[in-house]
Amino acid sequence: MATEVTIPNLGYTMTVAKILRWLKSVGDTVEAGETLLEIETDKVTYGIESPATGIVKALVVNEGEEVPVGGVVAIVGAADEEIDVGLYRNGEKEKPAVEVGRARLPQGAPPTAPRPMRNGVPASPLVRKVARDKGIDLSLIRGSGRSGRIRMADLEKYLREFKQARAGAPPTNEPGEIAEIIPMTPIRRTIAQRLSQSSHDAPHFNLFTEVDMAEAIKLREIVREKIEWKTGVKLSLNDIYIKTVAAVLGDYPRLNARLEGDQIEVFRNINIGLAVALDDGLIVPAIEKADRKSLWQIATERKDLVERARNGRLSLHELERGTFTISNLGMYDIVAFTSILNPPQTGILSIGKTMDRPIVRDGSVVIRPMVAMTLAVDHRVVDGAVGARFLRDLKSALENPYLLF
(Lines give C-alpha, C1' and ligand atoms only; values in the text may rest on other atoms or scores of the structure.)
Protein backbone atom coordinates (compact mmCIF):
# COMPACT_ATOMS: atom_id res chain seq x y z
CA MET A 1 0.00 0.00 0.00
CA ALA A 2 1.33 3.41 -0.92
CA THR A 3 2.68 5.58 1.89
CA GLU A 4 2.38 9.34 1.92
CA VAL A 5 5.41 11.37 3.00
CA THR A 6 4.23 14.48 4.83
CA ILE A 7 5.74 17.58 6.42
CA PRO A 8 6.04 17.04 10.20
CA ASN A 9 5.37 19.72 12.77
CA LEU A 10 8.80 20.63 14.20
CA GLY A 11 7.77 23.42 16.55
CA TYR A 12 4.92 25.55 17.77
CA THR A 13 5.88 28.45 15.50
CA MET A 14 6.12 26.29 12.38
CA THR A 15 3.33 26.61 9.83
CA VAL A 16 5.09 25.89 6.53
CA ALA A 17 8.32 24.37 5.27
CA LYS A 18 10.30 25.10 2.13
CA ILE A 19 11.52 22.17 0.02
CA LEU A 20 15.27 22.70 -0.23
CA ARG A 21 16.45 19.56 -2.00
CA TRP A 22 15.20 16.18 -3.10
CA LEU A 23 17.71 13.42 -2.40
CA LYS A 24 15.75 10.83 -4.42
CA SER A 25 14.06 10.85 -7.80
CA VAL A 26 10.92 9.16 -9.03
CA GLY A 27 11.71 5.48 -9.60
CA ASP A 28 14.51 5.33 -7.01
CA THR A 29 14.48 2.72 -4.28
CA VAL A 30 14.31 4.11 -0.76
CA GLU A 31 14.66 2.41 2.62
CA ALA A 32 12.56 3.24 5.66
CA GLY A 33 14.52 5.77 7.71
CA GLU A 34 16.61 6.91 4.75
CA THR A 35 16.67 10.67 4.23
CA LEU A 36 14.40 11.49 1.30
CA LEU A 37 14.51 15.28 1.19
CA GLU A 38 15.71 18.38 3.03
CA ILE A 39 13.36 21.14 4.16
CA GLU A 40 13.87 24.58 5.64
CA THR A 41 11.63 25.75 8.46
CA ASP A 42 11.54 29.03 10.30
CA LYS A 43 14.51 27.85 12.37
CA VAL A 44 16.33 24.86 10.98
CA THR A 45 17.21 22.83 7.96
CA TYR A 46 15.88 19.35 8.47
CA GLY A 47 16.14 16.02 6.69
CA ILE A 48 12.86 14.14 6.21
CA GLU A 49 13.19 10.38 6.35
CA SER A 50 11.13 7.99 4.33
CA PRO A 51 8.47 6.33 6.51
CA ALA A 52 8.50 3.17 4.38
CA THR A 53 10.66 1.02 2.14
CA GLY A 54 9.73 0.98 -1.53
CA ILE A 55 9.92 2.89 -4.75
CA VAL A 56 9.54 6.64 -4.94
CA LYS A 57 6.36 6.81 -6.98
CA ALA A 58 5.84 10.57 -7.00
CA LEU A 59 7.40 13.83 -5.85
CA VAL A 60 4.39 16.07 -5.39
CA VAL A 61 6.19 19.38 -4.74
CA ASN A 62 9.12 21.02 -6.50
CA GLU A 63 12.28 22.30 -4.85
CA GLY A 64 11.92 25.88 -3.66
CA GLU A 65 8.21 25.63 -2.98
CA GLU A 66 6.53 25.88 0.41
CA VAL A 67 4.21 23.29 1.89
CA PRO A 68 2.08 23.62 5.02
CA VAL A 69 2.59 21.33 8.00
CA GLY A 70 0.92 18.00 7.24
CA GLY A 71 1.09 18.53 3.48
CA VAL A 72 1.94 15.54 1.28
CA VAL A 73 5.25 15.89 -0.55
CA ALA A 74 5.96 12.40 -1.91
CA ILE A 75 4.50 8.92 -2.34
CA VAL A 76 6.39 5.70 -1.66
CA GLY A 77 4.91 2.42 -2.86
CA ALA A 78 5.56 -1.01 -4.31
CA ALA A 79 7.25 -1.39 -7.69
CA ASP A 80 4.12 -2.65 -9.42
CA GLU A 81 1.76 -0.36 -7.56
CA GLU A 82 -0.10 2.21 -9.59
CA ILE A 83 -0.44 5.63 -8.03
CA ASP A 84 -2.92 8.22 -9.17
CA VAL A 85 -0.53 11.16 -8.93
CA GLY A 86 -3.32 13.42 -10.09
CA LEU A 87 -4.84 13.12 -6.63
CA TYR A 88 -1.86 14.98 -5.20
CA ARG A 89 -1.19 18.55 -6.06
CA ASN A 90 1.16 20.95 -4.31
CA GLY A 91 1.03 19.22 -0.98
CA GLU A 92 -2.73 18.79 -0.96
CA LYS A 93 -4.65 15.64 -1.65
CA GLU A 94 -7.78 16.05 -3.64
CA LYS A 95 -10.82 14.80 -1.78
CA PRO A 96 -12.83 12.19 -3.66
CA ALA A 97 -15.87 13.62 -5.31
CA VAL A 98 -19.19 12.73 -3.76
CA GLU A 99 -21.42 10.93 -6.22
CA VAL A 100 -24.36 13.18 -6.90
CA GLY A 101 -27.71 11.57 -6.21
CA ARG A 102 -26.57 9.19 -3.46
CA ALA A 103 -25.87 11.64 -0.71
CA ARG A 104 -28.43 11.34 2.05
CA LEU A 105 -30.02 14.60 3.08
CA PRO A 106 -32.01 15.21 6.22
CA GLN A 107 -35.71 15.12 5.61
CA GLY A 108 -37.07 18.54 4.87
CA ALA A 109 -33.65 20.03 4.28
CA PRO A 110 -33.39 22.06 1.09
CA PRO A 111 -30.92 20.77 -1.48
CA THR A 112 -27.75 22.80 -1.64
CA ALA A 113 -25.92 23.78 -4.76
CA PRO A 114 -22.99 21.52 -5.63
CA ARG A 115 -19.61 22.96 -4.69
CA PRO A 116 -17.71 24.23 -7.69
CA MET A 117 -14.76 22.11 -8.68
CA ARG A 118 -11.29 23.55 -8.26
CA ASN A 119 -10.20 25.47 -11.29
CA GLY A 120 -6.92 23.58 -11.56
CA VAL A 121 -4.80 26.73 -11.46
CA PRO A 122 -1.28 25.64 -10.45
CA ALA A 123 -0.21 27.36 -7.24
CA SER A 124 1.23 26.41 -3.87
CA PRO A 125 -1.07 25.97 -0.84
CA LEU A 126 0.36 29.16 0.66
CA VAL A 127 -0.48 31.18 -2.47
CA ARG A 128 -3.98 29.68 -2.50
CA LYS A 129 -4.48 30.58 1.15
CA VAL A 130 -3.37 34.19 0.67
CA ALA A 131 -5.54 34.50 -2.45
CA ARG A 132 -8.51 33.01 -0.61
CA ASP A 133 -8.03 35.37 2.35
CA LYS A 134 -7.90 38.38 0.05
CA GLY A 135 -10.73 37.20 -2.20
CA ILE A 136 -8.55 36.90 -5.30
CA ASP A 137 -9.51 34.61 -8.19
CA LEU A 138 -6.26 32.91 -9.15
CA SER A 139 -7.51 32.26 -12.68
CA LEU A 140 -7.04 36.00 -13.33
CA ILE A 141 -3.30 35.81 -12.64
CA ARG A 142 -0.66 34.71 -15.12
CA GLY A 143 1.92 32.56 -13.38
CA SER A 144 5.62 33.01 -14.02
CA GLY A 145 6.64 29.63 -12.64
CA ARG A 146 7.13 26.38 -14.43
CA SER A 147 4.12 25.42 -16.55
CA GLY A 148 2.41 28.68 -15.62
CA ARG A 149 2.59 28.01 -11.89
CA ILE A 150 1.56 31.07 -9.87
CA ARG A 151 4.26 32.18 -7.46
CA MET A 152 3.83 34.45 -4.46
CA ALA A 153 5.59 37.20 -6.41
CA ASP A 154 2.90 36.93 -9.13
CA LEU A 155 0.16 37.31 -6.56
CA GLU A 156 1.87 40.29 -4.92
CA LYS A 157 2.35 41.94 -8.35
CA TYR A 158 -1.32 41.41 -9.18
CA LEU A 159 -2.39 42.94 -5.86
CA ARG A 160 -0.11 45.93 -6.35
CA GLU A 161 -1.35 46.62 -9.86
CA PHE A 162 -4.94 46.13 -8.74
CA LYS A 163 -4.52 48.78 -6.02
CA GLN A 164 -2.88 51.15 -8.48
CA ALA A 165 -5.67 50.68 -10.99
CA ARG A 166 -8.30 51.26 -8.34
CA ALA A 167 -6.56 54.45 -7.28
CA GLY A 168 -6.44 55.64 -10.88
CA ALA A 169 -2.67 55.54 -11.05
CA PRO A 170 -0.80 54.01 -13.98
CA PRO A 171 0.64 50.57 -13.24
CA THR A 172 4.16 51.65 -14.07
CA ASN A 173 6.42 54.69 -13.61
CA GLU A 174 6.15 54.48 -9.83
CA PRO A 175 8.92 56.29 -7.95
CA GLY A 176 11.95 54.08 -7.50
CA GLU A 177 10.58 51.25 -9.60
CA ILE A 178 10.88 47.84 -8.01
CA ALA A 179 13.61 45.86 -9.72
CA GLU A 180 13.01 42.59 -7.93
CA ILE A 181 10.58 41.02 -5.50
CA ILE A 182 12.21 38.59 -3.09
CA PRO A 183 9.75 36.36 -1.24
CA MET A 184 10.54 36.07 2.44
CA THR A 185 12.10 32.82 3.53
CA PRO A 186 10.54 31.03 6.52
CA ILE A 187 13.34 32.18 8.82
CA ARG A 188 13.12 35.77 7.55
CA ARG A 189 9.36 35.75 8.04
CA THR A 190 9.70 34.44 11.60
CA ILE A 191 12.33 37.05 12.47
CA ALA A 192 10.02 39.77 11.19
CA GLN A 193 7.03 38.47 13.13
CA ARG A 194 8.81 37.80 16.41
CA LEU A 195 10.84 41.00 16.56
CA SER A 196 7.83 43.10 15.57
CA GLN A 197 5.93 41.40 18.37
CA SER A 198 8.80 41.97 20.81
CA SER A 199 9.17 45.62 19.87
CA HIS A 200 5.40 46.18 20.18
CA ASP A 201 4.51 44.03 23.20
CA ALA A 202 7.62 44.15 25.41
CA PRO A 203 8.52 47.71 26.44
CA HIS A 204 12.21 47.59 27.16
CA PHE A 205 14.89 50.04 28.20
CA ASN A 206 18.61 50.14 27.47
CA LEU A 207 21.53 50.62 29.83
CA PHE A 208 25.04 51.41 28.64
CA THR A 209 28.47 50.89 30.15
CA GLU A 210 32.12 50.53 29.19
CA VAL A 211 34.35 47.72 30.40
CA ASP A 212 38.13 47.61 30.69
CA MET A 213 38.99 44.25 29.13
CA ALA A 214 42.72 44.24 29.99
CA GLU A 215 42.48 41.53 32.67
CA ALA A 216 40.01 39.42 30.68
CA ILE A 217 42.35 39.51 27.68
CA LYS A 218 45.27 38.60 29.93
CA LEU A 219 43.27 35.66 31.31
CA ARG A 220 42.54 34.47 27.79
CA GLU A 221 46.23 34.59 26.90
CA ILE A 222 47.10 32.56 30.00
CA VAL A 223 44.63 29.72 29.43
CA ARG A 224 44.20 29.81 25.63
CA GLU A 225 47.17 27.61 24.77
CA LYS A 226 46.22 24.93 27.28
CA ILE A 227 42.57 24.89 26.17
CA GLU A 228 43.60 24.69 22.52
CA TRP A 229 45.98 21.84 23.32
CA LYS A 230 43.21 20.02 25.18
CA THR A 231 40.28 20.64 22.81
CA GLY A 232 41.69 21.98 19.55
CA VAL A 233 39.42 25.00 20.00
CA LYS A 234 40.67 28.58 20.16
CA LEU A 235 39.32 30.39 23.19
CA SER A 236 37.49 33.55 22.15
CA LEU A 237 36.33 36.57 24.07
CA ASN A 238 32.78 35.33 23.44
CA ASP A 239 33.56 32.31 25.62
CA ILE A 240 34.64 34.59 28.44
CA TYR A 241 31.54 36.74 27.95
CA ILE A 242 29.28 33.66 28.11
CA LYS A 243 30.98 32.31 31.22
CA THR A 244 30.90 35.67 33.02
CA VAL A 245 27.32 36.61 32.09
CA ALA A 246 26.09 33.18 33.21
CA ALA A 247 27.90 33.50 36.54
CA VAL A 248 26.53 36.99 37.26
CA LEU A 249 23.00 36.03 36.14
CA GLY A 250 22.92 33.57 39.06
CA ASP A 251 22.48 36.59 41.35
CA TYR A 252 19.74 38.12 39.18
CA PRO A 253 17.05 35.49 38.57
CA ARG A 254 14.57 38.11 37.31
CA LEU A 255 16.84 38.62 34.32
CA ASN A 256 16.73 34.89 33.63
CA ALA A 257 12.96 34.75 33.35
CA ARG A 258 10.00 35.33 31.06
CA LEU A 259 6.56 36.87 31.40
CA GLU A 260 3.66 34.44 30.84
CA GLY A 261 0.26 36.05 31.14
CA ASP A 262 0.22 37.82 34.48
CA GLN A 263 3.05 35.91 36.11
CA ILE A 264 6.82 35.86 35.89
CA GLU A 265 8.41 32.47 35.30
CA VAL A 266 12.03 32.19 36.47
CA PHE A 267 14.09 29.59 34.62
CA ARG A 268 15.83 26.93 36.67
CA ASN A 269 18.76 26.72 34.23
CA ILE A 270 20.90 29.53 32.84
CA ASN A 271 21.17 28.87 29.11
CA ILE A 272 23.13 31.55 27.29
CA GLY A 273 22.18 32.09 23.66
CA LEU A 274 24.73 33.53 21.22
CA ALA A 275 23.30 35.34 18.19
CA VAL A 276 24.70 33.87 14.95
CA ALA A 277 24.23 35.73 11.66
CA LEU A 278 23.34 33.63 8.62
CA ASP A 279 23.08 34.71 4.99
CA ASP A 280 19.38 35.39 5.35
CA GLY A 281 18.58 35.50 9.01
CA LEU A 282 19.68 35.35 12.58
CA ILE A 283 19.42 32.41 14.95
CA VAL A 284 20.38 32.03 18.60
CA PRO A 285 21.68 28.60 19.63
CA ALA A 286 22.15 28.35 23.38
CA ILE A 287 24.72 26.75 25.68
CA GLU A 288 22.78 24.90 28.33
CA LYS A 289 23.64 25.45 32.01
CA ALA A 290 26.53 27.71 31.07
CA ASP A 291 27.02 28.78 34.69
CA ARG A 292 28.06 25.22 35.60
CA LYS A 293 30.53 24.71 32.75
CA SER A 294 34.24 25.44 32.49
CA LEU A 295 35.73 27.76 29.91
CA TRP A 296 37.00 24.87 27.81
CA GLN A 297 33.57 23.23 27.85
CA ILE A 298 31.93 26.49 26.78
CA ALA A 299 34.52 27.07 24.05
CA THR A 300 34.04 23.56 22.66
CA GLU A 301 30.26 23.77 22.72
CA ARG A 302 30.21 27.31 21.28
CA LYS A 303 32.38 26.28 18.32
CA ASP A 304 30.20 23.24 17.61
CA LEU A 305 26.95 25.23 17.84
CA VAL A 306 28.17 28.04 15.58
CA GLU A 307 29.47 25.64 12.94
CA ARG A 308 26.25 23.64 12.90
CA ALA A 309 24.18 26.83 12.88
CA ARG A 310 25.91 27.93 9.67
CA ASN A 311 25.34 24.49 8.16
CA GLY A 312 21.69 24.42 9.23
CA ARG A 313 22.22 21.36 11.44
CA LEU A 314 20.93 22.52 14.79
CA SER A 315 18.06 20.90 16.62
CA LEU A 316 15.00 22.85 17.69
CA HIS A 317 15.90 22.19 21.32
CA GLU A 318 19.26 23.91 20.86
CA LEU A 319 17.53 26.93 19.33
CA GLU A 320 14.66 27.26 21.78
CA ARG A 321 16.35 26.55 25.12
CA GLY A 322 17.99 29.99 25.56
CA THR A 323 17.08 32.04 28.64
CA PHE A 324 19.33 35.07 28.00
CA THR A 325 21.01 36.26 24.79
CA ILE A 326 24.39 37.78 23.93
CA SER A 327 24.85 39.56 20.60
CA ASN A 328 28.42 40.54 19.67
CA LEU A 329 29.07 42.66 16.57
CA GLY A 330 32.62 43.59 17.48
CA MET A 331 34.03 41.50 14.64
CA TYR A 332 32.18 43.80 12.22
CA ASP A 333 33.95 46.87 13.60
CA ILE A 334 30.79 48.02 15.39
CA VAL A 335 31.64 50.08 18.45
CA ALA A 336 28.22 50.07 20.18
CA PHE A 337 24.62 49.15 19.39
CA THR A 338 21.30 48.18 20.90
CA SER A 339 19.28 45.00 20.32
CA ILE A 340 15.62 44.06 20.36
CA LEU A 341 14.70 41.48 22.98
CA ASN A 342 14.66 37.86 21.83
CA PRO A 343 11.15 36.82 22.97
CA PRO A 344 10.17 35.53 25.45
CA GLN A 345 13.47 36.31 27.19
CA THR A 346 13.80 39.26 29.55
CA GLY A 347 17.31 40.45 28.71
CA ILE A 348 19.81 40.71 25.87
CA LEU A 349 23.39 42.02 26.06
CA SER A 350 24.87 43.80 23.04
CA ILE A 351 28.68 43.89 22.83
CA GLY A 352 30.75 46.09 20.55
CA LYS A 353 34.36 46.01 19.40
CA THR A 354 37.15 45.88 21.97
CA MET A 355 39.55 48.68 21.06
CA ASP A 356 42.32 50.66 22.66
CA ARG A 357 41.09 53.98 24.00
CA PRO A 358 42.56 56.71 26.22
CA ILE A 359 40.88 56.86 29.61
CA VAL A 360 41.65 58.63 32.86
CA ARG A 361 42.96 56.31 35.58
CA ASP A 362 44.23 57.66 38.94
CA GLY A 363 44.56 61.14 37.49
CA SER A 364 46.54 60.04 34.47
CA VAL A 365 45.54 59.31 30.89
CA VAL A 366 46.25 55.70 30.00
CA ILE A 367 45.46 53.51 26.99
CA ARG A 368 43.20 50.55 27.81
CA PRO A 369 41.29 47.96 25.73
CA MET A 370 37.71 49.12 26.21
CA VAL A 371 34.45 47.59 25.06
CA ALA A 372 30.96 49.13 25.05
CA MET A 373 28.05 47.04 26.32
CA THR A 374 24.32 47.66 26.14
CA LEU A 375 21.82 45.77 28.24
CA ALA A 376 18.22 45.73 26.96
CA VAL A 377 15.65 44.64 29.55
CA ASP A 378 11.93 43.93 29.49
CA HIS A 379 10.60 46.67 31.79
CA ARG A 380 7.50 44.59 32.58
CA VAL A 381 9.73 42.14 34.46
CA VAL A 382 12.75 44.12 35.66
CA ASP A 383 13.19 47.70 36.79
CA GLY A 384 16.06 49.99 35.92
CA ALA A 385 17.91 49.65 39.22
CA VAL A 386 18.05 45.86 38.94
CA GLY A 387 19.34 46.03 35.39
CA ALA A 388 21.89 48.65 36.42
CA ARG A 389 23.19 46.50 39.30
CA PHE A 390 23.53 43.51 36.97
CA LEU A 391 25.50 45.56 34.45
CA ARG A 392 27.68 46.98 37.24
CA ASP A 393 28.45 43.50 38.57
CA LEU A 394 29.10 42.18 35.06
CA LYS A 395 31.55 45.01 34.46
CA SER A 396 33.29 44.27 37.76
CA ALA A 397 33.49 40.54 36.99
CA LEU A 398 35.04 41.12 33.56
CA GLU A 399 37.56 43.57 34.99
CA ASN A 400 38.43 41.05 37.76
CA PRO A 401 37.87 37.71 35.99
CA TYR A 402 40.12 35.67 38.28
CA LEU A 403 37.44 35.84 40.98
CA LEU A 404 35.23 33.61 38.81
CA PHE A 405 37.60 30.64 38.84
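A salt bridge is a side-chain nitrogen of Lys or Arg within 4 Å of a carboxyl oxygen of Asp or Glu. In this predicted model, Asp333 forms such a bridge with Lys353. The closest N and O atoms of Asp333 and Lys353 are 2.5 Å apart. The pair links distant parts of the chain, 20 residues apart. Asp333 sits in the loop between S18 and S19, and Lys353 in the loop between S19 and S20. Lys353 is partly exposed, at 30% relative accessibility.

The loop between strand S18 (324-328) and strand S19 (347-351) also holds Ile334. Ile334 is partly exposed, and its relative accessible area is 31%. Together with Met331 and Tyr332, Ile334 makes a nonpolar surface patch. The patch covers about 310 Å².

The count of salt bridges comes to 21. Side chains of opposite charge can pair when their charged atoms come close. One of the bridges joins Arg361 to Asp212. Here the closest N and O atoms are 3.2 Å apart. Arg361 belongs to strand S20 (residues 355-361), while Asp212 belongs to strand S11 (residues 204-212), so the bridge ties together parts that lie 149 residues apart in sequence. The two partners fall into separate accessibility classes. Arg361 is partly exposed, with a relative accessible area of 35%. Asp212 has 5% relative accessibility and therefore counts as buried, the cut-off being under 20%.

Another salt bridge brings together the side chains of Glu301 and Arg321, at 3.5 Å from N to O. This pair, too, links distant parts of the chain. Glu301 is in helix H6 (residues 295-310). Arg321 is in the loop between helix H7 (316-320) and S18. The two residues are 20 residues apart. Arg321 is buried, with a relative accessible area of 12%.

Lys24 was examined next. This residue lies in the loop between strand S2 (16-22) and strand S3 (29-30). Is Lys24 buried or exposed? Its relative accessibility is 17%, so Lys24 counts as buried. The side chain of Lys24 has polar partners. It makes a polar contact with the side chain of Glu34, at 3.0 Å. The Lys24 side chain also reaches the backbone oxygen of Thr29, at 3.2 Å. Leaving aside residues up to four places away in sequence, Lys24 touches Thr29, Val30, Glu34, Leu36, Val56 and Leu59.

Helix H5 spans residues 237-249 and has 13 residues. From its first C-alpha to its last, H5 reaches 18 Å. That is close to the 18 Å expected at 1.5 Å a residue. At the start of H5, a side-chain oxygen of Ser236 comes to within 3.2 Å of the backbone nitrogen of Asn238.

How many of the 13 residues of H5 are buried? The number is 12, so the helix is largely enclosed by the rest of the structure.

Methods
Residues are numbered from 1 along each chain as its sequence is written. This is a predicted model: local features need pLDDT of at least 70, side-chain atom pairs count only at pLDDT 80 or more; totals for chains, interfaces and linings use all residues. Side-chain values use heavy atoms; hydrogens and water are left out. Helices (H or I, at least four residues) and strands (E, at least two) are DSSP runs, numbered from the N terminus. Buried means under 20% relative accessible area, exposed over 50%, partly exposed in between (1.4 Å probe, protein chains only). A polar contact is a pair of N or O atoms within 3.5 Å; within protein, one must be able to donate a hydrogen and the other to accept it, and residues adjacent in sequence count only if both atoms are side-chain atoms. Contact means heavy atoms within 4.5 Å. The expected span of a helix is 1.5 Å times one less than its number of residues. Patches are made of residues with over 30% relative accessible area and no salt bridge: like charges are joined within 9 Å, nonpolar side chains (Val, Leu, Ile, Met, Phe, Trp, Tyr) within 5 Å. Accessible areas come from the Shrake-Rupley method with a 1.4 Å probe; for residues, only the protein chains shown count as cover.
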